[in-house]
Amino acid sequence: MRVPRLVGLMAVDARETATAQGVLLASPDRPDFHRAVVDYVVRQYPPPGVEVPRGAVVTVWFDFAEGEGGGGAGVREPRVPRPGGGGLERELDRPKDPFEPLVL
């Protein structure tokens, strides 16, 4: 049997896919893996398509390793949209002098 592609799946979907394909999952960075639901798999070993015996263990990770890019929370958080280009931009008023004398 071949290892299914688990990268990009949420934890709950990765568990279901692995069970349906007859492989077991392990996660060294998530001791509570059986309770994880919405975390996304970012790496797996062995890679997808490798021939393994039924019941083999596939290791999955939910965080990038040092130097692999992103790291942790950025994987799950949406990126803030950048402002659109073109069009007129509003010029801000000149800041007031903080030491301007008060007139009473």
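These legends describe close-up views of a predicted model.

Local features need pLDDT of at least 70, side-chain atom pairs count only at pLDDT 80 or more, and totals for chains, interfaces and linings use all residues. Residues are numbered from 1 along each chain as its sequence is written, and side-chain values use heavy atoms, with hydrogens and water left out.

**View 1. The protein chain has one helix and three strands.** The elements run α-β-β-β from the N terminus. Helices (H or I, at least four residues) and strands (E, at least two) are DSSP runs, numbered from the N terminus. Of the 104 residues, 25% are buried; buried means under 20% relative accessible area, exposed over 50%, and partly exposed in between (1.4 Å probe, protein chains only). Among contacts with a separation of 6 or more, 60% join residues 24 or more positions apart. Contact means heavy atoms within 4.5 Å.

**View 2. Three strands form an open, mixed sheet.** The order is S1-S3-S2. Two strands pair if DSSP finds at least two bridges between them. Strands S1 (24–26) and S2 (43–45) stand at the edges with a single partner strand each, so one side of each is left without a neighbour in the sheet. Neighbouring strands are turned by 30 degrees against each other on average, direction ignored; axes are lines fitted to C-alpha atoms. S2 and S3 pair in the antiparallel sense over three bridges. Tyr-45 stands opposite Thr-59 in S3.

**View 3. The largest nonpolar core has 15 residues.** Such a core is a set of buried Ala, Val, Leu, Ile, Met, Phe, Trp, Tyr and Cys residues joined through side-chain atoms within 4.5 Å. Leu-6, Leu-25, Phe-33, Val-58, Val-60 and Phe-62 have the most contacts inside this core. Helix H1 (11–21) and strand S3 (57–61) each supply at least two of its residues. H1 gives the largest share, three residues. Leaving aside neighbours within four places in sequence, Val-58 contacts residues including Val-3, Leu-6, Leu-25 and Tyr-45.

**View 4. Phe-33 and Phe-62 form a tilted aromatic pair.** The structure holds one aromatic pair. Its rings lie 5.7 Å centre to centre, with 35 degrees between the planes. Rings of Phe, Tyr and Trp (its six-membered ring) pair if their centres lie within 6.5 Å; planes under 30 degrees apart count as stacked, over 60 as edge-to-face and the rest as tilted. Phe-33 lies in the loop between S1 and S2 and Phe-62 in the segment after S3, so the pair ties together parts 29 residues apart in sequence. Phe-33 counts as buried at 10% relative accessibility. Phe-62 counts as buried at 0%.

Conventions: Axes fitted to C-alpha atoms, helices over the stretch in contact; angles between N-to-C directions.
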